[in-house]
Amino acid sequence: EDARRRRAKFLGFVSSWGWYIALRLCCCWIRIDASGLAPLASAGRNGRPVFIAINHLSFMDTVIVAALTPSHLVTNLKTLMVPKVLKMPLLGRLAQAIGHQPVPFSRDAEGDFQVDKEKMVATMAWLRGHVAGGGHVAIFPEAQLN
């Protein structure tokens, strides 16, 4: 478990920097205003967990959050995501290795946000354990809505 956690932190760090470099060097036409992220620079340094709620407008949101979240947070930042993302060939494998968790939806219908309550209890127990162990959480509460 400890080796898996270290690997997840390492992969979080590498993917964060990879996205940062890709956005800065290869996507010069994309302008990002990160001025609102200044409070994150010191967040979590006192040992308290950090909870980040992000407005989800496009698939790029995940990339931008990974690239701009400070490294002291991103290495231990987990999110709940739609299971189909975890099934994607490259991105899904990376998300699973980092330790992101699926939201246990009851059905796989677009716009149906009903969750399997029994599985959600287990997911929330995992999330509480992650936070109790010093981890941080990011959520995209609007997900498919935008």
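Which residues lie nearest the centre of the second largest pocket? Keep that in mind as we walk through this predicted model; we'll get there by way of a helix.

**Stop one: helix H1.** Select residues 2-26, which make up H1. This helix has 25 residues. From its first C-alpha to its last, H1 reaches 35 Å, close to the 36 Å expected at 1.5 Å a residue.

**Stop two: the buried residues of H1.** Now pick out Ala8, Gly12, Ser15, Ser16 and Leu23, the buried residues of this helix. Want to see what covers them?

**Stop three: serine 15.** Zoom in on serine 15, still in H1. Its relative accessible area is 14%, and since the cut-off for buried is under 20%, serine 15 counts as buried. Show Leu94 and Ile98 as well: serine 15 is in contact with both, leaving aside its neighbours within four places in sequence.

**Last stop: the second largest pocket.** Here's the reply to the opening question. Select Leu37, Ile54, Ile64, Val65 and Leu68, which lie nearest the centre of this pocket. In total, 16 residues line the second largest pocket, and the space inside comes to about 350 Å³. Bring H2 back into view, too: the largest share of the lining, 4 residues, comes from that helix. Colour the lining by class and you'll find 10 nonpolar, 3 polar and 3 charged residues.

Terms used
Residues numbered from 1 in each chain as written. Predicted model: local features only at pLDDT ≥ 70, side-chain atom pairs only at ≥ 80, totals over all residues. Heavy atoms only, no water. Helix = DSSP H or I, 4+ residues; strand = E, 2+ residues; numbered from the N terminus. Buried < 20%, exposed > 50% of the residue type's maximum accessible area, 1.4 Å probe, protein only. Contact = heavy atoms within 4.5 Å. Expected span 1.5 Å × (residues − 1). 1 Å grid on protein atoms, 1.4 Å probe; cavity = no way out; pocket = protein on both sides within 12 Å on 5 of 7 lines; lining within 4 Å. Points joined across faces, edges and corners; volume = space filled by probe spheres on them. Nonpolar A, V, L, I, M, F, W, Y, C, P; charged D, E, K, R; others polar.
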